[in-house]
Amino acid sequence: MNTGPAKAGWRFRQPSVIPGFGLTLGFSLAYLTLIILIPLSGLVWRSAALGWTDFWAIAVDRRTLNALKISFGTAFIAAAVNVVFGTIVAWVLVRYRFPGRRIADAMVDLPFALPTAVAGIALTSLYAPNGWIGQLLMPLGIKVAYTPLGIVIALVFIGLPFVVRTVQPIMEEIDKEVEEAAATLGANRFQIITRVLFPGLAPAIITGFSLAFARGVGEYGSVIFIAGNLPFKSEIAPLLIVIRLEEYNYEAATAIAAIMLALSFVMLLVVNLAQTWSRKRYG
Amino acid sequence: MEVRVTNVRKEFERFPALHDVSLDIRSGELIALLGPSGSGKTTLLRLIAGLERPTRGAIFFGDEDASQKSIQERNVGFVFQHYALFRHMTVADNIGFGLKVRHGATRPSAQEIRRRASELLDLVQLSGLEKRYPAQLSGGQRQRVALARAMAIEPRVLLLDEPFGALDAQVRRELRRWLREIHDQTGHTTVFVTHDQEEALELADRVVVMSQGRIEQVGTADEIYDTPNSPFVYSFIGESSSLPVKVDNGEVWLADRPIGLQAPPHAPSGEALLCFRPHDVELLDGCSGCIAGTVAASRRVASTRRVELEVGGERQRVEIELPVDHPAAQKSRVAFRPRRWKLFPAS
């Protein structure tokens, strides 16, 4: 959709007249290498020592597959739930003025600040069959703690601020005139939200989703308390890695980690491509 | 559709933005709301659209009381200064939006909507840009799309809020002429807001001059320019100079000298304000019955020379315009008498 002449091959974007392009690029690359690339390649290196057949055997092991399925599945559901409710929370915080708004706003960040183990223990005691909420759900036949549902709840708690904090600033920038224009054209409130506002927020919502999802996949502290950690049922991949480490089975641990890494990378890459595409289109 | 605004008052949190404004807009008319910022012109436009509700008074579309209706029901086309296009929609989808959100039988088929969109694009001279996104258009093109989008719903009234305010001078002039053509072709009753007097005088059938939440004067460009009815309109429209004078015995006095002007028959005696156009003056040689002053400053402005004079004992400053090569500009003392002028009671 580029209106300019077609460019051949790759090229650096023209650096601006403000000096420092070389310095900042060099710093960024060195920093990313040191903080992210070296540890991650160490991981791949370590799991490569396993050899292809052993690696594959661990990868398709039923326990590994189940753990991965639970990790990615619960993270996906939790991120999806957060997208819906996080967007609503952001909407309320941006659009309405009510007493206690600032407190509510600050509260959104608490899951960031709280040690995740504390969150896990608190949630477990609430949702356990004899806990405040758990005993209400028990007669309905809903069991939360020690099931994948419990994992989802822990991940919803952990992921909420990611969605709220990415959507909120974009929502604040929505031009009131765009809504007014839609209203004069005859659109009712529902149509304005679904056809005008939501599509404009979609890139931010996708970002929030991917952040919450990525965080959920890697989450350990809060989940292990509420999950019950039954192999094949409520055992998450990060826990399986820790179990393997405790067995001094470093190769297996790194192999599972490498698989998680690859899956996460592919998913985040897809999300990023979707972002680039929508940004190019909507400017 | 004729629009009647009757005794409308609008307050924002107790602060009055409009005081008791009444205005009749004829069907098919192109009318400009002109005034400085804070004069209430945009508020009046938004009240007509239904984007604000009047504190008191009513707005009629024809015989129907529109103030009881929601924005959606009023069926007005509104164009914003900053376009307010839907960024995630193509040009064609933007234009078709108003038709697409209709319900049931009133909604045209997708094909019909596409046809209408391309018809309107032809009208605003942007044929072939259906598939573009707003981000890929220039400011002038975006505003044309915004106008096409507003016209797609066949509005009863077309309202434009500083439609050319965000565009550069050249494009403004071009779009101004073009808007007039579109109006003559389609005949929509159109109200537009501007703070640019040139735009208002050139484009509109009638101009509504507003100041501080009130309508000062309504009239054609000629009426507004030639017979302003208040010092504000005098100074806001075109160049003007004013001097505090005294009316006594049917004559106009500056300080203690008569300046050779006969006050109109009904003018009350006492303090008054004399207003005239700087270019509409007659230069005099000698002076018994004229305004005389020492030249304080002289500037070349386009094809004329603007001379600032200090007049009378209180050294009142007053501006007049001279032809560039007029010898009077070299002198230190200039005497003149306004050719057309008007007296207003001193405020």
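A: **A helix pair in chain B and its surroundings**

In this predicted model, α3(B) and α5(B) are roughly parallel to each other, because their axes cross at roughly 25° and angles under 35 degrees count as roughly parallel. Two packed helices are described by the angle between their axes and the distance between the axes. For the distance, the axes of α3(B), residues 91-100, and α5(B) come within 7 Å. The crossing of α3(B) and α5(B) has a right-handed sense.

The contact can be read residue by residue. From α3(B), the residues involved are V91(B), N94(B), I95(B), G96(B), F97(B), G98(B) and L99(B). Facing them from α5(B) are V145(B), A148(B), R149(B) and A152(B). By class, this contact of α3(B) with α5(B) holds seven nonpolar residues, three polar ones and one charged one.

Helix α5(B) also has a relation to strands. Spanning residues 139-152, α5(B) lies across β6(B) and β7(B), the latter at residues 157-161. The direction of α5(B) runs at about 170° to that of β6(B), and angles over 145 degrees count as roughly antiparallel.

The sheet to which β6(B) and β7(B) belong comes next. This sheet is open and has six strands, in the order β6-β7-β8-β3-β9-β10 of chain B, with mixed pairing. At its edges stand β6(B), residues 76-79, and β10(B), residues 214-219; each has a single partner strand, so one side of each is left without a neighbour in the sheet. From one strand to the next, the twist averages 15°. Strands of a sheet pair through backbone hydrogen bonds, either parallel or antiparallel. The pairing of β9(B), residues 206-211, with β10(B) is antiparallel and runs over five bridges. One position in that pairing is V208(B), whose bridge partner in β10(B) is V218(B).

Chain B also has an open sheet of four strands, in the order β2-β1-β4-β5, and here the pairing is antiparallel. Its edge strands are β2(B) at residues 15-25 and β5(B) at residues 64-65, each pairing on one side only. Helix α1(B), residues 41-49, packs on this sheet and touches β1(B), β2(B) and β4(B). The direction of α1(B) makes about 115° with that of β1(B).

V3(B) stands opposite F61(B) of β4(B), while V5(B) has I59(B) of β4(B) as its bridge partner. Strand β4(B) pairs on with β5(B), again in the antiparallel sense, over two bridges. F61(B) stands opposite E64(B) in β5(B). The hairpin of β4(B) and β5(B) has two residues between the strands, and in it G62(B) takes a positive phi near 65°.

For the chain as a whole, UniProt lists "domain: ABC transporter" for residues 3-237 of chain B, in an unreviewed entry. That span of chain B is 37% helix and 26% strand, with its end C-alpha atoms 26 Å apart.

Chain A has its own annotation. The unreviewed UniProt entry lists "domain: ABC transmembrane type-1" for residues 68-271 of chain A, a span that is 77% helix and 0% strand, with end C-alpha atoms 20 Å apart. The annotation "transmembrane region", also from an unreviewed UniProt entry, covers several spans of chain A, among them residues 106-128 and 140-164. Residues 106-128 of chain A are 78% helix and 0% strand, and the end C-alpha atoms are 28 Å apart. For residues 140-164 of chain A, the figures are 68% helix and 0% strand, with 31 Å between the end C-alpha atoms.

Terms used: Residues numbered from 1 in each chain as written. Chains lettered and ligands numbered in written order. Predicted model: local features only at pLDDT ≥ 70, side-chain atom pairs only at ≥ 80, totals over all residues. UniProt positions renumbered as here; feature names shortened; annotations may be inferred. Pairing = 2+ DSSP bridges. Contact = placed C-beta atoms within 7 Å. Axes fitted to C-alpha atoms, helices over the stretch in contact; angles between N-to-C directions. Parallel < 35°, antiparallel > 145°, perpendicular 65-115°, else oblique. Left-handed = near helix turned anticlockwise from the far one by under 90°. Nonpolar A, V, L, I, M, F, W, Y, C, P; charged D, E, K, R; others polar.
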